[in-house]
Amino acid sequence: MVFDAHDEAFKFFGGGCINGIYDNMTTAVDAILSGKERKFNKAFSRMCSHHLVNPIACTRAAGWEKGQVENLVKESRAYSFTPRLEVADFDELNARLQKDAIKRAKELRHPENLEVTVWEEFQQEKPLLTHLQKPFVGFREKTVAVSRTCLINFERNKYSVEARAVGRQVQLQVYATRIVLRQDGEIVGEHERCFGRGKTIFNPWHYVPVLKRKPGALRNGAPFRDWDLPPAMTQIWTHLRGTSDGDRQLADILFAAYQHDIDVVEAACEEALKSGLRKADAILNIVSRRTNPPPPKAIEPPAHLQLKMAPIADCARYDRLGGSHATA
C-alpha cells in the first residue's frame with residue numbers, strides 16, 4: 001500500500017520530491033537509533049532509491065515536525081466524508097476524494113501567501129519537482145500451501161490456483177490491489193485483492209482440467225456457478241445441460257478452450273450453431289480445423305530430378321512373385 005501510494009501521488013503531482021518526511025511507521029522503519037538515525041527496511045529503501053527520495057524520519061513524540069499534516073487530515077476528513085459517502089468500490093471512492101482535494105485546493109488561500117490559492121501555489125512549485133519515474137514494482141512475498149480444492153488462504157480469504165499446483169507450495173506476491181501466485185517461476189493464479197473476510201474467490205478456468213475426470217462437477221461445483229461465458233458457448237451450455245451426457249460434452253468443449261483460446265472455441269460454437277449443430281464432436285472438429293496447421297504445399301522437383309517415365313502400378317506382379325515362390 002505504501003509503494004502504491006507513492007506511485008499514485010507522484011503521478012498526480014507530475015514528479016517526485018527530493019526529501020520525504022516520514023513518521024516512524026513499521027512498514028518503513030525496522031529500528032529507531034539515536035537522534036534522527038533510522039534503519040529503514042530493504043523494500044522501503046529500494047522504493048526511495050527508485051523515486052530518488054531522501055527519507056527523513058520524524059523525532060518520536062514531536063508532532064510539530066510534521067507540520068499541519070494531522071490537522072489537514074482531520075479537516076479533509078470532515079470536508080469529504082460529511083455526510084457519509086456511499087460508493088460502489090474503492091475506485092469510485094478514490095476518484096471522489098481526488099476531485100474533492102482539487103476543489104478544496106482551488107478554494108483555500110495559501111497560509112503563507114494569501115494572494116494565491118493552494119492550487120495556484122502548487123502550479124508554481126510544480127517545475128521544481130524531480131523527474132517522474134516509472135511505477136515502482138513492489139510487493140510483499142510469502143510462501144503458502146495449496147489445498148486439495150486448489151485454494152490458498154490469505155488474510156482470511158481463499159483464492160483459487162491452477163489444478164496443476166496442488167500438492168506443492170506456491171509463492172504469494174501481494175500488491176496493493178492484486179495478488180499473484182507463482183510456482184517454479186510460472187504464474188498459476190492471479191486475482192484482484194479482496195479486502196473483506198471469509199470470501200472465496202474462484203477462477204473457473206483453474207478447475208477445467210479437473211472436469212476431464214469429474215464432469216459432474218459442472219452441475220453443482222461452486223467455481224462454475226454464474227460463470228460468465230461468451231454468448232455462443234452459453235447457448236451450447238444451455239442446450240447440453242438437458243442431455244444425458246451433457247456434462248461430458250461440456251467438459252470437452254471447455255477443455256478445448258483451456259488448451260487453445262476461448263475466442264477460437266467461441267467462433268467454433270458460432271459456426272456450429274449456424275449449421276444447426278450443438279454436439280461437442282462437431283464443435284471440436286471445427287476447433288481442430290481452425291487450430292491445426294494447413295498441409296504443406298507440394299514441392300515441384302527440379303528438372304533434373306523429374307521422372308522421364310512414370311512408374312506403372314501393376315499389382316499382378318505380386319501374384320506372380322507369390323506363385324513362383326510356391327512352385328520353388
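Contact is taken here to mean heavy atoms within 4.5 Å. The structure is a predicted model, in which local features need pLDDT of at least 70 and side-chain atom pairs count only at pLDDT 80 or more, whereas totals for chains, interfaces and linings use all residues. Residues are numbered from 1 along each chain as its sequence is written, and side-chain values use heavy atoms, with hydrogens and water left out.

Under this criterion, and not counting residues up to four places away in sequence, Asn157 touches Ile152, Cys194, Gly196, Arg197, Gly198, Lys199 and Ile201. Asn157 is placed in strand 7 (residues 157-160); helices (H or I, at least four residues) and strands (E, at least two) are DSSP runs, numbered from the N terminus. With a relative accessible area of 0%, Asn157 is buried, where buried means under 20% relative accessible area, exposed over 50% and partly exposed in between (1.4 Å probe, protein chains only). Polar contacts are pairs of N or O atoms within 3.5 Å; within protein, one atom must be able to donate a hydrogen and the other to accept it, and residues adjacent in sequence count only if both atoms are side-chain atoms. The side chain of Asn157 reaches the backbone oxygen of Gly196 at 3.0 Å, and a polar atom of that side chain lies 3.4 Å from the backbone oxygen of Cys194.

Two strands are regarded as paired if DSSP finds at least two bridges between them. Strand 6 and strand 7 pair in the antiparallel sense over 4 bridges, and Asn153 stands opposite Lys158 in strand 7. The pairing of strand 7 with strand 11 is parallel and runs over 2 bridges, with Ile201 in strand 11 as the bridge partner of Tyr159.

Strand 6 and strand 7 form a hairpin with 2 residues between them. Glu155, found in the loop between these two strands, has a phi near 50°, a positive value in a residue other than glycine, and at 29% relative accessibility it counts as partly exposed. A positive phi, of about 55°, also occurs at Asp226, which is not a glycine. Asp226 is found in the loop between helix 7 and helix 8 and, at 80% relative accessibility, counts as exposed. A further backbone feature is the cis peptide bond from Thr82 to Pro83, with omega near -5°; Pro83 lies in the loop between helix 3 (69-80) and helix 4 (90-107).

The interior was examined in terms of nonpolar cores, each being a set of buried Ala, Val, Leu, Ile, Met, Phe, Trp, Tyr and Cys residues joined through side-chain atoms within 4.5 Å. Of the 44 residues in the largest nonpolar core, Ile152, Leu181 and Leu254 touch the most other members. The elements that give two or more residues to this core include strand 6 (151-154), strand 8 (170-174) and strand 9 (178-183), together with helix 6, helix 8, helix 9, helix 10 and helix 11. Helix 9 gives the most to this core, with 7 residues.

Helix 9 (residues 246-259) has 14 residues and reaches 20 Å from its first C-alpha to its last, close to the 20 Å expected at 1.5 Å a residue, the expected span being 1.5 Å times one less than the number of residues. Because 10 of its 14 residues are buried, helix 9 is largely enclosed by the rest of the structure. The buried residues of helix 9 include Leu250, Ile253, Leu254 and Phe255, and what covers them includes helix 6 (208-211), helix 7 (217-220), helix 8 (231-240), helix 10 (262-274) and helix 11 (280-291).

In helix 8, the buried residues are Ala232, Met233, Ile236, Trp237 and Leu240. These residues cover an arc of only 140° around the axis, which puts them on the same side of helix 8, the arc being that of the directions from the helix axis to the C-beta atoms. The buried residues of helix 8 pack against helix 7, helix 9, helix 10 and helix 11, while on the other side of helix 8 Pro231 and Thr238 are exposed.
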